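Welcome, and thanks for taking a look at this one. Below is a short briefing to read alongside the sequence and the 3D view.

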Amino acid sequence: MPEFQTTPGTRDILPPDAARWRRFVDVFAGVVESAGYEQIILPMFEDLGVFQRLGDATDVVTKEMYDFVDKGGRHVALRPEQTAGVCRAFVQHHPNLPWKVWYSGPNFRYEKAQQGRYRQFDQVGVEVLGVDDPLLDVEVIALAHGFYRALGLRNVELHVNSLGDTGDRARYVAALESYFRAHEIDLTKESRATLERNPLRVLDSKRAEDRDVISQAPSISEFFSPEAASHFAAVQDGLSLLGIDFVVNDRLVRGLDYYRSTTFEFVSTALDAAQTAVGGGGRYDGLVEDLGGPSTPGIGFAIGLDRTLLACDAESVFGIDSSGTDVFVVDATGGRSALLLTAELRNAGLRADRAFGAKSMKSQMKSANKSRATVAVIIGEDELARGVATVRPMDGGEQSECPLGQVVATVTDIVKKAK
Ligand code: HAM
């Protein structure tokens, strides 16, 4: 066993998996940029206070924060998510409204590590600040839905709920608390502890012993103001108009405290692990104000990259791209020809590789095979003397000789035809 290994909850993403990660982000960028979202890159750590706005009753803040005092005496934390950072940046930079941004990158939560739940995990997401319109909620949800489709996923269910406006939510939490207090005896020890911290989160218990009490609990819909009810109805209407299937789940509570009004989660039915939420989001109309900015509506979502890729594996979609390089140069004359030719081929936009260390022709051909190149370009002493190279399609096609000056054009032609 080597002395050092990755610490629990972190992983090395090796090739070829890492290329799949990058493709994931590229596909996401394509989907959201076509809807007018622009990329934002935030720091990975910020003042702890920024993240405390996620709610002092949430596990993310109370138990899972990677926080520390830096050498300058600042209490900072690694970001557990990016919504709070986007709102902090909004308050700091006063961009024009509406502000539509997307992001990707790692987040950190000190969670119990298991399949699909890591301490460092990646997300892609969007946030929109400055628009209070249910049709924006529909756009945002539709974007996430469209992205799962673009990956090829079919078994992702959309759950939607509304937590009402701030007043509705507060009255609901109070009603839930008194209901659960009256039934405390029938709750598990864990849920009784959750009740002390955050009655809403009791609804999130997956323990079978809690099921009966939770199923009889009051529903948020009984507490909606007329405005909240009509906002939620308009969201559902818009989703139906776009033909997006959804389930109204009045037990859907998100893990972060900033949510108001529309909330949603995407659940993979192809995953049988405990961790099936592949993405989620909602409105957080009070968060900008909490961070010292003007009252500004906000909505967004984040999609868990690690977990969504597990769902892709389970559905056998969005696999690893197994294409190799375009061309492998085999040079049995010492390597200078390969140096020149690979440079020319790369400048022409081809993916070109070669072997090093003056290996034998046979061993270089082995490397060419391994690289899964479309074409091998072979130069032996005889070819060099005549100023030519052998161009060999690796799929068994007929090889030919061409002058060194025409290698790039010949290879480009073969690679194009093979694609
Ligand atoms: P979240 O539900 O905490 O929301 O995270 C979104 C997604 O990130 C989850 O559905 C899951 O796929 C993934 N995820 C979360 N924690 C882990 C973990 N420990 N390991 C692997 N994947 C994980 C947010 O983060 C909000 N910022 C979403 C949002 C944006 N709401 C409004 N705007």
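A residue is called buried when its relative accessible area is under 20%, exposed when that area is over 50%, and partly exposed in between. By that cut-off Ser-268 is buried, because its relative accessible area is 1%. Please keep in mind that this is a predicted model.

**Ser-268**

- Ser-268 belongs to strand β9, which covers residues 260-268.
- The side chain of Ser-268 reaches two backbone nitrogens: that of Ala-270 at 3.2 Å and that of Leu-271 at 3.4 Å.
- Setting aside residues up to four places away in sequence, Ser-268 touches Asn-155, Val-156, Thr-276, Val-278 and Ala-311.

- Gly-282 sits in strand β10, and with 0% relative accessibility Gly-282 counts as buried.
- Which residues does Gly-282 contact, leaving aside its neighbours within four places in sequence? The contacts are Tyr-259, Thr-262, Thr-263 and Phe-264, together with Gly-298, Ile-299 and Gly-300.
- Gly-282 and Glu-127 are 155 residues apart along the chain, and their C-alpha atoms are separated by 9.6 Å.
- Asn-198 is placed in the loop between α7 (189-197) and α8 (199-202).
- Although it lies in a loop, Asn-198 counts as buried, at 8% relative accessibility.
- Beyond residues up to four places away in sequence, Asn-198 touches Ala-57 and Asp-257.
- With Asp-257, Asn-198 makes a polar contact from side chain to side chain, at 3.4 Å.

**The ligand and its shell**

- The ligand is surrounded by 27 residues, and the closest are Glu-81, Thr-83, Glu-111, Tyr-118 and Tyr-259.
- By residue class, the shell around the ligand divides into 11 nonpolar, 9 polar and 7 charged residues.
- Strands β6 (120-129), β10 (277-283) and β11 each supply at least two residues of this shell.
- Which element gives the most to the shell around the ligand? That is β10, with 6 residues.
- An oxygen atom of the ligand has a polar side-chain atom of Arg-109 at 2.9 Å.
- From a nitrogen atom of the ligand to an N or O atom in the side chain of Tyr-258, the distance is 3.1 Å.
- The backbone takes part too: a polar backbone atom of Gly-304 is 3.5 Å from an oxygen atom of the ligand.
- How much of the ligand does the protein bury? Taken alone the ligand exposes 660 Å², and the protein buries 96% of that.

**Helix α1**

- Helix α1 runs over residues 17-33, with 17 residues in it.
- From its first C-alpha to its last, α1 reaches 24 Å, close to the 24 Å expected at 1.5 Å a residue.
- The buried residues of α1 are Arg-20, Trp-21, Phe-24, Val-25, Phe-28, Ala-29, Val-31 and Val-32.
- What do these buried residues of α1 pack against? Their partners are the strands β5 (99-108), β6 (120-129) and β11 (298-304), and the helices α5 (134-151) and α12 (305-315).

**Cis peptide bonds**

- Pro-15 and Pro-16 are joined by a cis peptide bond, with omega about 5°.
- Pro-16 falls in the segment before α1.
- Another cis peptide bond runs from Leu-97 to Pro-98, where omega is near -10°.
- Pro-98 is located in the loop between α4 (83-93) and β5.

**Positive phi angles**

- Ala-358 is not a glycine, yet it has a positive phi of about 45°.
- The loop between β13 (352-354) and α14 (361-370) holds Ala-358.
- Is Ala-358 buried or exposed? Ala-358 is exposed, because its relative accessible area of 67% is over 50%.
- Arg-372, also not a glycine, has a positive phi of about 50°.
- Arg-372 lies in the loop between α14 and β14 (375-379).
- With a relative accessible area of 48%, Arg-372 is partly exposed.

Methods
Residues numbered from 1 in each chain as written. Predicted model: local features only at pLDDT ≥ 70, side-chain atom pairs only at ≥ 80, totals over all residues. Heavy atoms only, no water. Helix = DSSP H or I, 4+ residues; strand = E, 2+ residues; numbered from the N terminus. Expected span 1.5 Å × (residues − 1). Buried < 20%, exposed > 50% of the residue type's maximum accessible area, 1.4 Å probe, protein only. Contact = heavy atoms within 4.5 Å. Near = heavy atom within 4 Å. Polar contact = N/O pair within 3.5 Å; in protein donor to acceptor, adjacent residues only side chain to side chain. Areas by Shrake-Rupley, 256 points an atom, 1.4 Å probe, with all protein chains shown as cover. Nonpolar A, V, L, I, M, F, W, Y, C, P; charged D, E, K, R; others polar.
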